[in-house]
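Here are a few friendly notes to read alongside the model. Please keep the structure open as you go through them.

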Amino acid sequence: MPMITRRRLLAGSAAALALPAFARAQSAIKPRLTAISQWSAGSDGAAITALGKKFEERGGVWQHSPVPGFTTEMMNKLRAQIMAGDPPACSQLKGPEIAAWSKIAPTVSLDELVAAAGYEKVVAPDLAKLHKPGGKWIALPLQIYSTNMLFLSKRAMDKAKADKIPVTWADFNDLAEKMKAGGVAYPIANGGTRPDDGQKFEASLAGISPAAYRAAIMNLDKKALEGPEVKAAFVQVRKIADWMDPNVGAQHFSTNLKRFVDGDMGMMIMGGWAQGVLRNAGFKFEDFMIAPGPSDNGKPVFLLNADAFIFWQRKEPDLQAGQALMAQLVMDPAIQTMYSQITGSIPVRTDVDLSGEGWSDGQRRTAAALKDAIASNQAVLSVAHNMAQENGLTAALIDVITEYVKNKTIKPEQAVTRLAEAVESAR
Amino acid sequence: MVRRLPEYLTIWVPLLLSAAHLVSFSLWTIWISFTPSTLVPVSGWVGLRNYTSVLASRNWQIAFDNLLLFGSAFVLLSLVTGLILAILLDQRIRGENVLRSIFLYPLAVSFVVTGTVWSWLLNPGIGIQKLVHDFGWTSFRFDWLIDRDMAIWTIVIAAIWQSSGFAMALFLAGLRSVDADLIKAAQIDGAGPVRMYRRVILPTLWPITITVIVIQLQFAISTFDLVRALTNGGPGIATQLPALVVYDLMFQRNLLGRGAAAAVLMLLILLSVLLPYAAWQYLQQRRAPHA
């Protein structure tokens with residue numbers, strides 16, 4: 001581990017403060033970026049490779065080391081590098097983990113770059129807050145997914161003789177009953193993983209009341225946690241659970257996509273990424289419909305999940321120049337367009353026009369839903385995908401939810417008590 | 001002394017290195033378990049707070065109950081299966097070598113592979129239950145994998161499949177090393193095969209039995225990859241095991257202190273098996289010269 005002397009630390013922070021000016025002044029330096037992320041394969045891998053190409057086109061040296069597997073494996077590598085005093089110039093990290101990790105190693109302030117790009121006013125406010133813990137921008141969101149999109153199987157809709165997309169939970173429940181009556185074996189398509197169960201709950205609660213979701217799950221308000229909306233959400237989750245195929249065990253949702261398209265399963269509450277998975281599996285846009293998840297007040301509710309990059313302080317001038325270049329690229333609407341068109345997400349910037357070629361209807365509808373949801377203050381942070389709380393608390397909440405989904409002897413009111421207790425003991 | 005230096009080096013250097021490794025990291029983990037560490041190790045003292053919170057968590061309680069059930073069922077059943085296989089193979093049958101390899105072979109397969117394959121076989125929608133349904137017996141039910149009360153037994157099944165061959169190999173070696181004079185004497189006294197095994201051969205096997213129990217128990221306590229691939233702790237959190245809880249706390253919840261506390265609790269469980277064994281061995285050795 002290199003010795004961190006006071007002088008070095010001072011020099012490092014001075015350099016970081018002067019970063020943008022420094023980068024301009026030292027234009028002779030070839031920008032270089034060391035980055036780690038979990039994106040190695042599929043559309044994620046293709047997207048970050050494309051980003052790297054752009055970085056190189058601007059004269060930079062791109063050194064990306066993917067850590068395939070779960071996000072936690074990427075985090076273990078990041079932890080090891082930070083403890084060895086050698087963090088990457090930039091790494092994938094998201095949600096409240098940005099604030100937590102920024103406490104263990106110095107980060108780069110991106111305020112000047114963000115101000116120069118006029119970025120702050122085109123980012124959803126709740127999302128912006130996550131990337132500037134302590135008031136300073138230290139991380140930049142890269143792309144957005146909604147975790148509560150509703151996917152409808154065309155063939156299942158035909159079996160139910162329905163063509164209307166459900167708006168409220170009551171509509172949703174009606175349609176599920178119709179599908180069941182029309183011969184759809186399981187009206188809900190799903191997997192059995194923890195985030196999958198978590199998504200059913202967050203979609204239910206936020207759809208019943210975004211305000212209650214914000215208070216109970218994002219702010220952990222005790223009264224809201226034990227409130228009637230949370231109980232109603234658990235009641236809705238049980239209905240959903242009863243319409244699922246119990247045989248999925250711990251399978252991934254993608255295992256059942258064929259049965260979903262075939263109309264053997266009817267509806268799927270899943271993140272926008274499922275569109276990419278469906279398309280990659282060779283299914284056509286005519287096979288399914290995409291709409292925002294059910295919302296009882298009729299206006300779209302958007303459960304935000306956003307990938308981001310955090311920038312770690314380095315003293316090497318070429319890495320600092322690389323960080324400045326990377327930040328500019330990530331905020332660039334053209335780059336965000338390129339990235340989202342590869343992965344199927346939507347851009348972080350709310351001012352990107354999605355009417356052109358390369359965007360799907362699902363992406364357009366998602367972007368429109370985000371705009372509406374921000375306008376009506378119904379854009380909230382997903383708990384199932386680690387956006388609302390730090391990993392420890394999230395896991396404690398999901399424990400209760402996943403047990404409730406799989407154990408039908410637990411009553412909704414018991415689940416409410418357990419959820420409040422889990423928050424209490426994890427704090 | 002100088003002449004024997006290479007011998008000393010080959011024995012003592014690796015031994016000291018691995019002992020230092022083991023001891024220093026164990027002590028480090030014990031120290032971390034008393035600190036408020038979360039994302040990274042930090043110094044500080046929180047007393048037993050990490051322990052009380054782990055012991056009070058539902059995850060740990062379920063994991064501990066599961067360990068008791070899984071540990072005893074797995075050890076007992078793999079012991080019985082292994083012994084039966086060994087006795088059957090001991091009947092001087094043809095093709096013994098082939099059969100022995102077949103039964104021992106699962107041991108060469110990684111637990112992740114075992115877990116994944118069994119997760120398909122046991123899945124009611126695509127596995128054994130589906131097969132029997134397709135044969136026409138549609139009321140047949142075998143859905144333990146998704147039944148939270150029975151799911152732990154699927155891990156027992158897969159673990160037995162994997163490691164009863166190991167018990168068999170040890171027992172077979174034991175059966176083959178029984179003193180031929182003893183067997184002849186019993187035959188002269190007119191003992192039949194059942195009586196022969198019950199009264200003469202099996203009693204000589206009990207040191208091997210103890211060894212098998214201890215090895216299988218320490219395997220049971222540290223089971224991780226098998227359950228991760230087979231049920232991943234599910235349905236819900238019904239098949240949690242202590243090793244899963246440790247991994248989950250340390251690397252998924254970023255609570256190093258609590259994870260370390262759970263790891264130390266696992267070490268204590270392990271010691272509760274190993275210490276009596278060590279004591280027993282010590283007593284055996286002391287008794288041997290008098291025998």
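1. Residues are numbered from 1 along each chain as its sequence is written, and chains are lettered from A and ligands numbered from 1 in the order in which they are written. This is a predicted model, where local features need pLDDT of at least 70, side-chain atom pairs count only at pLDDT 80 or more, and totals for chains, interfaces and linings use all residues.

2. Helix α3 of chain A (residues 42–57) has 16 residues and reaches 23 Å from its first C-alpha to its last, close to the expected 22 Å. That expectation is 1.5 Å times one less than the number of residues. Helices here are DSSP runs (H or I, at least four residues), as are strands (E, at least two), numbered from the N terminus.

3. Which residues of α3(A) are buried? They are Asp44(A), Ala47(A), Ile48(A), Leu51(A) and Phe55(A). These cover an arc of only 90° around the axis, so they sit on the same side of α3(A); the arc is that of the directions from the helix axis to the C-beta atoms. Buried means 20 or more other C-beta atoms within 10 Å of a residue's own, exposed 12 or fewer, and partly exposed in between, with C-beta atoms placed from the backbone.

4. Lys53(A), Glu56(A) and Glu57(A) are exposed, on the face turned away from the buried side of α3(A). Just after α3(A), Gly59(A) has a positive phi of about 90°.

5. At the interface, 23 residues of chain A are in contact with 25 residues of chain B (contact: C-beta atoms, placed from the backbone, within 7 Å). The largest share of chain A's side, eight residues, comes from α19(A).

Key: Two residues are in contact if their C-beta atoms, placed from the backbone, lie within 7 Å.
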